[in-house]
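This report concerns salt bridges, helix packing and nonpolar cores in the structure shown below.

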Amino acid sequence: MVRGFLLLLCLFGVFLSTVERSWAADNTAQLEELVRRADAQLQSGMIKEALDTATKAVQLRTDFGPGHAALGRVYTHMERYDDAVRSFLRARQLGVDVLAQLGAAYYYAGDLEKAASVLTEATTKSREKGDAWYFLGLTRLREKRYDDARTAFSNARKADPSLASETLYFSGVAAVRKGDRDTARAELEQAIEASPYSDSAEAARELLARLDGGMQSTFEFMAGLRGELDSNVLLLPSTSGLFTEEEISNSGGSRIVLDLNGAWKPSFSDSFGALVSYGLYQSIHVSNRDELKRFDLTNHALTAGIEYGDDANYFALPSQFSIAFLGPIGGDYGLFSSTHALNPVYARRFGQHGVGIGNALSFENFDEDPAPVDVQGVDYAQTRDNMTNDLSVFYSYYFAGDRGYVTPSLGWITTNADGENSSWSYDGWHIGTQVGWAFHEHWTLGGVINYVGRSYENPYPLPTAEGGHRLTARSDDEFYLGADLAYRRDWWGVKAAYNWIVNGSTVELFDYSRSIFSLGLETRF
Amino acid sequence: MRTIVLSLAFLLAADAAWAAGSSIGTATVVKGGVTVERSAQKGRWVNVQPGDLVFQGDKLKTLSDGVLKLTLKDDSNVSLSANSELELNEFVYQPGRERRSFFKLWSGKVRAAVSKYMRTSSVQIGTPTAVAGVRGTDFLVSTEGQGQGDETQVVVFEGRVAVKSNWERVAGEVMVQPGEMSRIGRNQAPAVPVKLDYEGMRRAFQTTAVQGQGTLRQRATSQEIRNTAGGFRSTGSVMRAAAATPRQVAPPINQQPVDATRDSALRINIKLPGQK
């Protein structure tokens, strides 16, 4: 009786286990379908649906490794690399071989050290993993370990012959950077032969042409249109003291700005080239001041220069000539300024660190025609020649796989103005930091914080208006804070910016702050 | 009981094997309007969703805004352009041993990137006027004309493709090499292949393969090609950006900037007209 009962109990247990196993099998099929669907949704550009589907798979069964791996792939495409890494690590715990994908996530996140470690582990476990070798090659290329990169690309090619064109191209790039041009030529030619119409073949053709000494040229065109709100469209506390404090307050307004820039960039070799560009800046300002409701500013700038760059050195010598006109729309006077500027810069890189020095030297000729005002019957139109020199040294730290940098700088600046009704000079220094970070495939963030201290000499020889201020000496402390966020696709983008300037001065008239909001569209070809 | 359990397990396994074995591939990229007519449900066209399985006998149609990419069991990719119709007549695949397929393109364009390195392989794409037999790996077949498929064009990107009329009585077969195109009209022998110019080939290569978001590897490739293709422009670009230090952010002279957000060192001294 007891034996019979036990036998029945065992059979019932077996039955339950079978039912559970078959349910699990059904469930697995459903989960596998969800994974397949999530991957296809991802490839079809349905990112949100892919995320929902992959999430559903891991919610249905938290220990379903392929579900976590699919979720990791979705997160990687969404550039949520921390989440991607977590998902891949969980998938790995559950026995799914995701080392190559995990390494790819680290690579995308710019963590080259972890990427190399994981990918090396993946290739050690199996030499047949083309993707792991390939990502290891790209990682080594970024690390400038060119021999290791070439070895990894070669192994990727052996493991997966369909990677021939890409791996040969990048192997050729590594050879070029190492200085082995003959090997590079051979590999680039093979890259073209392997898949003649692919992007890698196209890039190989361009690189070959540069290696062969042919001059390559690129043309770039940029156009931008933006609107700006400015808490002080015109800050006009003239040192002549012609305006009262009351007059210079309440000068907020807005403007529309059009920026056009076309550049021709001939390259004489892989490292050396030139730049010729023309830029037009046109803005129409609308001020809330009764005296000058609308005025416009036009600036034409022609730049020509040379540029040299390799893995460790960067040198540029741009020279710019610009002319500018400013005046009220329909008004009877204008201001004219022409400027010559020479801005050499040299930077040297040491891994993730860099140092550099730059100098900005400019000569400006300034004219008022005719004089905007007469003062006590005398034409006090200003004409002058300015010379400004600004010497800076800077340090850079590069992060996120070179997609970001932080550059603190320190500089000294002097200006001398010599002219009719306008002779003065000042000395100053500045310290600041600039940040740029492409934190997403389409998003970039920029920021500037800067301080400039100036001590002026030689006040203007103009008379003082009634209620105005006559300057005898002046020193200013100016703080500048700027931030911008840009979203860019292939040929267009949107950019929003905020700039805040506050100036503290020993002359009360020059104590001010200014906020500028800017939002605009831009296009590039 | 043991027999019952084993039978149940066998049935489940058989069912799973049938379900897995009967599909020949997956719709890996679906954009816009794409429909399918299953062989068991003739006349009923249903929308294709990303991740749907496709089966032998399916007829697939893309609308004017639709494109479709299939990834087949042998890892080959078949891309269907807009306004196209393709029938998956036959697909046999035994890994490492045999691959045999025949698909009929009733209208439009199909791009086939056939996976390499199979010992025995017969991949054919038929149209109302021609049959293209693949010896190679990546090619494009399009059919057009006033009547349905009056003319077929075969363009080869990689490998070789043998083209002949689909009417047995018309003799002649041409071998189309990479970078070449052959045309074939109804009941005519195929034309001698002509070489296409590079730009035309590249354009066809770029536009006829349905691109998804790309695998992790494909995305990295595009990104790194962009980074490396510019030579010194790219190697120096990061340093160039960082070297643009914020000196002279605000013009320093006696008056304040007209526009402090502008990069150039434009400095203008302005007075208002008629101001006293």
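B:Arg100 and B:Glu90 form a salt bridge, with their closest N and O atoms 3.0 Å apart; the term denotes a side-chain nitrogen of Lys or Arg within 4 Å of a carboxyl oxygen of Asp or Glu. The pair links distant parts of the chain, ten residues apart: B:Arg100 belongs to strand β9 (residues 98-113) of chain B and B:Glu90 to strand β8 (residues 85-94) of chain B. Helices (H or I, at least four residues) and strands (E, at least two) are DSSP runs, numbered from the N terminus.

The model is predicted: local features need pLDDT of at least 70, side-chain atom pairs count only at pLDDT 80 or more, and totals for chains, interfaces and linings use all residues. Residues are numbered from 1 along each chain as its sequence is written, chains are lettered from A and ligands numbered from 1 in the order in which they are written, and side-chain values use heavy atoms, leaving out hydrogens and water.

Over all chains, 30 salt bridges are found. Three of them are tabulated here.

| Pair | N to O distance |
|---|---|
| A:Lys48 and A:Asp52 | 3.3 Å |
| A:Lys125 and A:Glu121 | 3.5 Å |
| B:Arg100 and B:Glu90 | 3.0 Å |

A:Lys48 and A:Asp52 both lie in helix α2 (residues 47-60) of chain A, four residues apart, about one turn of the helix. A:Lys48 counts as exposed at 59% relative accessibility, and A:Asp52 is partly exposed at 42%. Here buried means under 20% relative accessible area, exposed over 50%, and partly exposed in between (1.4 Å probe, protein chains only).

Helix α9 (residues 164-178) of chain A has 15 residues and reaches 21 Å from its first C-alpha to its last, close to the 21 Å expected at 1.5 Å a residue; the expected span is 1.5 Å times one less than the number of residues. Because 13 of its 15 residues are buried, α9(A) is largely enclosed by the rest of the structure. Just after α9(A), A:Gly179 adopts a positive phi of about 95 degrees.

The largest nonpolar core has 70 residues, of which A:Tyr107, A:Phe135, A:Leu138, A:Tyr169 and A:Phe170 touch the most other members. A second, separate core of 35 residues includes B:Val78 and B:Val163. Such a core is a set of buried Ala, Val, Leu, Ile, Met, Phe, Trp, Tyr and Cys residues joined through side-chain atoms within 4.5 Å.
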